[in-house]
Amino acid sequence: MINSFNCQAVGTANTGVGECSLEISKIVGFFLVGKGFVLTAANLATNAALQAALIAAAGADLKANRIFPVHDLLDITDNTSDPTEQTFGYGASVIVQEGNYNWTFPYLTGGICLSNALRNFIGNNIRVIFYDSNGTLFGWKQGDTMVGIPLNQFYSNPWRPATGAAVMNLGVRFNFQPYFINEQIGFFKTDGFSLRSIEGLQNVKLSQSGVQAKPVYKIKANAGCSGLDLYDDFSAAIASAPANWIATNAATGANITVTSVAVDVNIKGWTVTLDSADPDYPVTGSIFLRLANPSVLKAAGVPGFESLVLTIVNT
Amino acid sequence: MAQEKTKPSYNKDWANKVGESEFVKAMIKAYPDLTADELKKDFAKLKEK
């Protein structure tokens, strides 16, 4: 229709308030998530469903489906930009555009190990879901689901040394548009479980130890930055089935049959035996050996770990 | 005190593909504290399952 302005009527949103309101308290943790990560309506139906979904996602075999929890944030430095304002010659001023959120959170738990892990996400297309000290999880509402907040930038600061007055400085920074957590905020007030209890996976580093006599390999496993020896707590569980180990031909990617595994008390590790008759077994060449996926390890009684790949060179 | 003997977990699918002698030959190299008779018993148990 000609000369139609299609004006929005005044009063499309009422401003009365009920007994409850959403107030975000101190932000004490976050989950880094991939672009495709979604908490579905079913996941958000109950506390138990949400807890199960977060635990499953924190230990997901596929990194694309995994969430990366970070807890124990200690403070916030809010460097959110002020709105850009234009003042006219007659004195009136208007907001031209809003500033972006720019939050930096210091933390100590995890130290440089966590800092280095987080620095791996710099430049990635990563998103975030935050939670506050009252257990309110909040992200970007999409229909009746919640997804991660798209970021202009995620950054993990290089650590700074302690001084006589302050401990070492570790911080992580988020820059994003206000839209996602204002008009489009999605939240869930948890009750009955703590978001702090959702733990991320730890890397496991495998190494060869003792006498190697192909196709029999002596392997040790140490976890996390501290090098925790998995033998102490999980020797029997890791040796409970050959399926807890994956061997592949480094050149072709083809799986090599693991014929047996056993605890080796002498090296505080495991004897892993491969099938030298397997056509994919390289008599000379490299083998990639790792523990099975996190879900397999969890089922075997070794929860919370993901194995890095050990390259074994047969000469 | 004598060290406890190794108790390997075997790949049953693989064991079902190979004969007893091949099984014993491969495993005795991996676990020299186990005798051929013990490995034969392990092999027989795998076949029973």
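A disulfide is a pair of cysteine sulfur atoms within 2.5 Å. By this rule, one disulfide is counted over all chains of this predicted model.

**The disulfide**
- The bond joins A:Cys113 and A:Cys225, whose sulfur atoms are 1.8 Å apart.
- Because the torsion about the S-S bond is about -80°, the disulfide formed by A:Cys113 and A:Cys225 is left-handed.
- A:Cys113 is partly exposed, at 33% relative accessibility, whereas A:Cys225 is exposed, at 57%.

**The nonpolar cores**
- The largest nonpolar core contains 29 residues, and those with the most contacts inside it include A:Ile219, A:Trp245 and A:Val272.
- Among the elements that give two or more residues to this core are β16, β18 (245-249) and β21 (269-274) of chain A.
- Helix α3(A) gives the most to this core, with five residues.
- Beyond its neighbours within four places in sequence, A:Val272 is in contact with several residues, including A:Ile219, A:Trp245 and A:Leu289.
- A second, separate core has 27 residues, among them A:Phe30, A:Val70, A:Trp103 and A:Phe154.

**The surface patch**
- A:Leu22, A:Ile24 and A:Phe187 form a nonpolar patch on the surface, with about 230 Å² of accessible area together.
- A:Ile24 is located in the segment before β1 (27-33) of chain A, and A:Ile24 is partly exposed, with a relative accessibility of 35%.

Notes. Residues numbered from 1 in each chain as written. Chains lettered and ligands numbered in written order. Predicted model: local features only at pLDDT ≥ 70, side-chain atom pairs only at ≥ 80, totals over all residues. Heavy atoms only, no water. Buried < 20%, exposed > 50% of the residue type's maximum accessible area, 1.4 Å probe, protein only. Patch = residues over 30% accessible without salt bridge, like charges linked within 9 Å, V, L, I, M, F, W, Y side chains within 5 Å. Areas by Shrake-Rupley, 256 points an atom, 1.4 Å probe, with all protein chains shown as cover. Salt bridge = Lys/Arg side-chain N within 4 Å of Asp/Glu carboxyl O. Helix = DSSP H or I, 4+ residues; strand = E, 2+ residues; numbered from the N terminus. Core = buried A, V, L, I, M, F, W, Y, C linked by side-chain atoms within 4.5 Å. Contact = heavy atoms within 4.5 Å.
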